[in-house]
Each structure stands twice: as C-alpha cells, then as structure tokens.
Amino acid sequence: MGHERRLRIKTLVMVLAMVVCANIGDLMLKRGMNEIGPVQISLAGLLHALYLTITNGTIWMGILFLTGFMLSYMTVLSWADYSYVMPAGAFGYALLTFLAVVFLHESVSPRRWVGVILICVGVLLVGQTKPRTTEVVKEATA
Amino acid sequence: MMRSLIMLAVLICCSTGGEIAITHGMKATGEPARLRPRALLQFLSRALKNRWFWVGVPLMALSFYSLLLLLSWEPISFVIPASALSYVVGTFGAKYILGEEVSVARWAGVMLVCIGVALVAAG
C-alpha cells in the first residue's frame with residue numbers, strides 16, 4: 001500500500017472516530033441540558049447551572065464521548081492538516097441531522113436537507129485533497 | 001436571538017483560536033509511532049508537555065461552556081450547524097497562521113460546506 005494511500009485511510013478512519021464521538025457527545029449534552037432547562041444569565045443562575053450540569057449523569061456521558069473526540073482529534077492533527085480535518089469533520093452534520101430526527105424528534109425542512117447535501121459534497125471535495133501539506137515531525141525514538 | 005448570536009460569536013472565536021493553538025502543539029509533538037495503547041499514552045504525555053496545547057485548552061473550555069449555554073436556548077440542529085461558520089475563519093487561520101497549502105479544491109469544498117451550513121442554519 002502506497003504511503004499517500006495509507007495516510008489518507010488512516011486520516012479518514014480517525015476523522016470518522018472523531019465525528020461519531022462528537023455527535024453522540026453533543027446529543028447527550030443536548031439531552032442533559034433539556035433535563036436542566038434554560039439557563040439564566042446571572043451569577044446565581046450560572047452557578048446553579050454549573051451545579052446542575054456537574055451532577056447530571058447524561059452530561060457526564062456526553063463529556064466521556066467528547067473526551068474520546070478530543071483524543072482522536074489530537075492524534076489526527078499530529079499528522080494531518082487542520083484545513084483538511086476541520087472540513088472533513090463536517091461530514092458529521094449529515095449524521096447529526098439523522099440523529100436529531102431519530103432521537104430528538106426535531107423536524108427538518110427540505111432547505112435544511114439541501115444544506116446537508118451541499119455539506120456532504122464539500123466534504124467529498126476536501127477529502128480528495130492531500131491530507132498533509134506541511135512538514136511533520138517524526139516521533140523522536142528515545 | 002441577540003444573546004444567542006453574541007454567544008455564537010464567542011463560541012466561534014474561542015473554538016477556532018483553541019483549535020489552531022492545539023494543531024500547532026500537535027505538529028510540534030509529532031505523530032505517535034503506532035496507533036497502539038502504549039504508543040498513544042507516550043504521545044499523550046508528550047502532547048501534555050507542549051505549551052501551545054495549554055494555550056488551546058482554556059479557549060476550548062470557553063467555547064465548550066458557550067456551547068452548553070447555546071444548547072439550553074436553541075435546538076441542536078440549529079446550534080451545531082451555525083457554529084460551523086468557524087470553517088471559514090479556521091481555513092484562513094490554517095493558511096495564514098499554520099502555513100498550510102489550501103488548494104482550489106479545498107477552498108471549493110470549504111465554500112460548499114459554508115453554503116450548506118448557511119442553508120442548514122436558516123432552517
């Protein structure tokens with residue numbers, strides 16, 4: 001397998017892990033925040049919201065998945081371009097829209113679906129470009 | 001709506017700034033030797049010693065809290081796509097701060113993503 005091809009596959013697998021973790025995490029957060037209700041912007045309101053968020057199990061599940069996102073994100077950025085990873089990660093919007101419809105029962109307009117399709121085409125375009133355009137430091141073996 | 005837009009601007013600035021700082025830190029860290037637990041732990045400990053990583057983290061934390069606030073006010077299928085306006089800001093950052101080559105195809109992809117995002121955010 002060619003170096004370029006291997007790099008591309010490695011990057012795409014890591015981006016997929018990122019997207020899945022980020023979406024599940026966001027979905028959990030939204031569920032948790034729904035349980036908490038709207039936050040009031042005042043010192044007391046923010047402190048109360050902080051207390052409610054750190055004692056909410058669903059929020060913690062969200063944080064766990066977002067930690068998984070962070071780790072895969074850091075790993076992929078150690079070899080791939082930010083300007084490659086960031087738009088490639090937008091593939092998550094398609095997934096997110098489906099998740100929001102299926103689990104949160106949010107309604108999605110045709111215009112929003114067109115947006116999702118454009119995002120997917122954009123992500124495919126970015127996916128065709130070279131994942132890495134800058135010099136990358138190889139791990140020091142010591 | 002105004003408070004949501006202001007919080008969105010805070011979210012975009014903090015997340016883009018944080019991500020650029022972290023990317024810079026990760027590039028200096030270098031990639032893990034293998035994608036195995038031991039090598040990944042070593043990679044992580046190297047990354048945690050990089051100061052750019054610690055510049056990025058507080059910015060990401062701020063963007064995370066502004067995301068929580070936004071999520072309590074607006075539906076997720078508005079919040080997350082709208083925050084993706086950071087793709088344009090981020091691409092400029094990648095080009096001019098990180099020195100990445102942004103080819104025509106990559107710009108076209110980013111623009112399509114942005115038009116898509118605008119449509120999605122418009123609902």
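In chain B, helix α1 makes a left-handed crossing as it passes α3. Before I go on: this is a predicted model.

Let me stay with that pair. Two packed helices are described by the angle between their axes and the distance between the axes. For α1(B) and α3(B), the axes come within 7 Å and cross at roughly 150°. An angle over 145 degrees counts as roughly antiparallel, so α1(B) and α3(B) are roughly antiparallel to each other. As for composition, the contact of α1(B) with α3(B) has 18 nonpolar residues, nine polar and one charged.

Next, the interface. On the chain B side, 49 residues are in contact with 48 residues of chain A. Which elements give two or more residues to the side of chain B that touches chain A? They are α1, residues 2–29; α3, residues 51–73; α4, residues 76–83; α5; and α6, residues 104–122, each of chain B. The largest share comes from α6(B), with 13 residues. Sorted by class, the side of chain B that touches chain A has 30 nonpolar, twelve polar and seven charged residues.

Last item, α5 of chain B, which spans residues 86–96. Its buried residues are B:Ser86, B:Tyr87, B:Gly90, B:Thr91, B:Gly93 and B:Ala94. Why do these count as being on the same side of α5(B)? Because they cover an arc of only 160° around the axis.

To recap: α1(B) and α3(B) cross at roughly 150°, and α6(B) gives the largest share of the side of chain B that touches chain A. That is what I have.

Definitions and conventions:
Residues are numbered from 1 along each chain as its sequence is written. Chains are lettered from A and ligands numbered from 1 in the order in which they are written. This is a predicted model: local features need pLDDT of at least 70, side-chain atom pairs count only at pLDDT 80 or more; totals for chains, interfaces and linings use all residues. A residue is buried if 20 or more other C-beta atoms lie within 10 Å of its own, exposed if 12 or fewer, and partly exposed in between; C-beta atoms are placed from the backbone. Helices (H or I, at least four residues) and strands (E, at least two) are DSSP runs, numbered from the N terminus. The arc is that of the directions from the helix axis to the C-beta atoms. Two residues are in contact if their C-beta atoms, placed from the backbone, lie within 7 Å. Ala, Val, Leu, Ile, Met, Phe, Trp, Tyr, Cys and Pro count as nonpolar, Asp, Glu, Lys and Arg as charged, and the others, Gly among them, as polar. Axes are lines fitted to C-alpha atoms, for helices over the stretch in contact, and angles run from 0 to 180 degrees between N-to-C directions. Angles under 35 degrees count as roughly parallel, over 145 as roughly antiparallel, 65 to 115 as roughly perpendicular and the rest as oblique. A crossing is left-handed if the near helix is turned anticlockwise from the far one by less than a right angle, and right-handed if clockwise.
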